[in-house]
Amino acid sequence: MAEVPSYLSPTGQEIVFLLLGAVAVGAALLVVTTRQLVHAALWLVVCFGALAGCYLVLTAEFVAWVQVLIYVGAVVALLLFGLMLTRAPIGRSADLDSGNRPVAALVALATAALLVTVVIDGFRTAYADLTPGRGAAKELGSSIFRNWVLPFEALSVLLLAALIGAIVLSRTDIRGR
Amino acid sequence: MHIVYPAVVSALLFSIGVYGVLARRNTILVLMSVELMLNAVNLNLVAFDVWLRDRLHSGQVLTLFVIVIAAAELGVGLAIVLGVYRNRRSVDLDGMRDLADPGTEPAGIPGDAAAESATTPVAAEAAARSGEAKP
């Protein structure tokens, strides 16, 4: 960590990462500002896809594919189902933002300023050499099933609980006694 | 790769998520913003795992765990939102003021008007329920 390459001569990986990050941030901004409910879900797809590209650039291949499968595939489909089941209006709706929007913008700007300042100040000299293959499915799978088995099993119990909970909550013919 | 780049991108994504949670009125849009915040955390985890070259791959494994937990959270959250919609015919967060102090209704927010004037949708809901129970 002694010699840190200059910020003025970015490598190709950094340029690609920054472009993907700009896409992700722009799509996220559109998610929280768009006036059409369904478009918010679709911009979420763009944001998550760009983030998957970021993971790929950071050599985390397996996480990238899991991101594509679960977030882009399942989570956004679930959100669209939720939008449909609550009869979300297609097209523009005027009242998507609540009354505390200026305060929210202020809080978000303050959070962004604080976090970016701290992060830049703290990690200015941090540099990671990217070596491909560290995030491959083989490495990650052997790590999960060797060192992280117990959290993995606990997570499967959590998923089962969430599944049963979602079914019980959304069925109308299960009554309490 | 300078670690500052992923860290800054993730900080910006997190703040956008904070804005969405605070400013949006529709519950499902708030859930989307929560997902944005979780993704910001995931990007941080991956970046620092790559930087620190963890032998156990804690960062990436924890990212996978966070993704799974986010999916579970979203499933239960959407079930709750659907329950709220069934009972109130609306998923507006500003309208859910049952636990607020009486007399603190802020101006300009259409409080329970949507839920109270929902006399006609009740019939529709009953029809939907009977249709639902048939299969």
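B:Arg24 and A:Asp97 form a salt bridge, with their closest N and O atoms 3.1 Å apart; the term covers a side-chain nitrogen of Lys or Arg within 4 Å of a carboxyl oxygen of Asp or Glu. Between chain B and chain A the count is two salt bridges. This is a predicted model, in which local features need pLDDT of at least 70 and side-chain atom pairs count only at pLDDT 80 or more, while totals for chains, interfaces and linings use all residues. Residues are numbered from 1 along each chain as its sequence is written, chains are lettered from A in the order in which they are written, and side-chain values use heavy atoms, without hydrogens and water.

The interface also holds 21 residue pairs in polar contact, both residues at pLDDT 80 or more (a pair of N or O atoms within 3.5 Å, one able to donate a hydrogen and the other to accept it; residues adjacent in sequence count only if both atoms are side-chain atoms). On the side of chain B that touches chain A, the elements giving two or more residues are H1, helix H2 (27–52), helix H3 (58–88) and helix H5 (119–133). H3(B) gives the most, with 22 residues. By class, that side of chain B has 48 nonpolar, 12 polar and 12 charged residues; here Ala, Val, Leu, Ile, Met, Phe, Trp, Tyr, Cys and Pro count as nonpolar, Asp, Glu, Lys and Arg as charged, and the others, Gly among them, as polar.

The contact as a whole takes 72 residues from chain B and 90 residues from chain A, contact meaning heavy atoms within 4.5 Å. About 7300 Å² is buried between the two chains, and carbon and sulfur atoms give 74% of this area (accessible area, 1.4 Å probe, lost on putting two parts together, summed over both). In chain B, B:Met1, B:His2 and B:Tyr19 lose the most area to chain A, together 12% of what that side buries.

Helix H1 (residues 12–33) of chain A packs with helix H1 (residues 4–23) of chain B at an angle of about 5°, the axes lying 9 Å apart. H1(A) is therefore roughly parallel to H1(B) (an angle under 35 degrees; over 145 is roughly antiparallel). Residues making this contact include A:Phe17, A:Leu18, B:Leu12 and B:Tyr19.

Helix H3 (residues 61–85) of chain A and H2(B) cross at roughly 170°, with axes that come within 11 Å. These two helices are therefore roughly antiparallel. Among the residues in contact are A:Tyr71 and A:Leu79 of H3(A) and B:Met32 and B:Glu35 of H2(B).

Definitions and conventions:
Axes are lines fitted to C-alpha atoms, for helices over the stretch in contact, and angles run from 0 to 180 degrees between N-to-C directions. Helices (H or I, at least four residues) and strands (E, at least two) are DSSP runs, numbered from the N terminus. Angles under 35 degrees count as roughly parallel, over 145 as roughly antiparallel, 65 to 115 as roughly perpendicular and the rest as oblique.
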